Amino acid sequence: MADSNSTKSDLAEAMKKLMARKPFAKISISDLCDECGLNRKSFYYHFKDKYDLVNWIFYVDFLTNVGGKSFENEWDLLVAICNIFYQDRAFYRGALKIEGQNSFRDYFYEMLEPVVGFFVKDLFQVQDQELFVTFFCDAFLTAVLRWFSMESDLAPEVFIGELKEVLYSAAEKISRKVEPGT
């Protein structure tokens, strides 16, 4: 088992190094194997394709940084998720640009849905929770993409703090405009 994890880690490091130098679309399995001195058979023993490898990298980062920890509130959890991206900006900037079937964006969205769903169920007492989960997942993913596209060094705590301020301010203004009983 230790050899398996070592091989996966070697492939993950190779992917990170390659993505720092060139776009994901231009990285081949041969490039990955050459970078870490493994053969294609070893790669395919552990991963279906290069998309699977990118998703596995996030999965491991997520478990390492978020798994099993308790958070005081949903904002702290979002900061922890953004810290994962921030700590390895070059890799995640590239990963978030991957589009199409099996993309990292889709994988991240799928992992985000139950997290957002957990917090949304307490906020909105409606039958169709799915609408609100989808809305907040879309909003958060779009905000993260914009944060990364700015290529700034805005810290995760500051980024999430600004999101929180925008949401609370919007909610307050909306609630003032809604008349009771409508």
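Trainee: How many helices and how many strands are there in the chain?

Mentor: This is a predicted model, in which local features need pLDDT of at least 70, side-chain atom pairs count only at pLDDT 80 or more, and totals for chains, interfaces and linings use all residues. Residues are numbered from 1 along each chain as its sequence is written, and side-chain values use heavy atoms, with hydrogens and water left out. Helices (H or I, at least four residues) and strands (E, at least two) are DSSP runs, numbered from the N terminus. Read along the sequence, the pattern is α-α-α-α-α-α-α-α-α, and the count for the chain is nine helices and zero strands.

Trainee: What percentage of the residues in the chain is buried?

Mentor: Buried means under 20% relative accessible area, exposed over 50%, and partly exposed in between (1.4 Å probe, protein chains only). The C-alpha trace spans about 65 × 35 × 30 Å along its principal axes. Of the 182 residues in the chain, the buried share is 36%.

Trainee: Which side chain of opposite charge is nearest to K50, and how far away is it?

Mentor: K50 is located in helix α4, residues 50–65. Lys and Arg count as positive, Asp and Glu as negative, while His and the chain ends are not counted. A salt bridge requires a side-chain nitrogen of Lys or Arg within 4 Å of a carboxyl oxygen of Asp or Glu. K50 is buried yet has no salt bridge, and its nearest side chain of opposite charge is D31, at 7.5 Å.

Trainee: Which backbone oxygen lies 2.7 Å from a polar atom of the side chain of K50?

Mentor: A polar contact is a pair of N or O atoms within 3.5 Å; within protein, one must be able to donate a hydrogen and the other to accept it, and residues adjacent in sequence count only if both atoms are side-chain atoms. The backbone oxygen of F24 lies 2.8 Å from a polar atom of the K50 side chain. The oxygen at 2.7 Å belongs to I27.

Trainee: Which backbone nitrogen does the side chain of D52 reach?

Mentor: D52 is also placed in helix α4, and its relative accessibility of 23% makes it partly exposed. Contact means heavy atoms within 4.5 Å; leaving aside neighbours within four places in sequence, D52 is in contact with H46 and F47. At 3.0 Å, its side chain reaches the backbone nitrogen of K48.

Trainee: Why is the pair of F47 and W56 classed as edge-to-face?

Mentor: Rings of Phe, Tyr and Trp (its six-membered ring) pair if their centres lie within 6.5 Å; planes under 30 degrees apart count as stacked, over 60 as edge-to-face and the rest as tilted. A search of the whole structure finds 23 aromatic pairs. The rings of F47 and W56 have centres 5.6 Å apart and planes at 65°, so the pair is edge-to-face.

Trainee: How many residues apart in sequence are the parts that Y92 and F104 tie together?

Mentor: Y92 and F104 form a tilted aromatic pair, 5.7 Å centre to centre with 45° between the planes. Y92 lies in helix α6 (residues 89–97) and F104 in helix α7 (residues 104–123), so the pair ties together parts whose separation in sequence is 12 residues.
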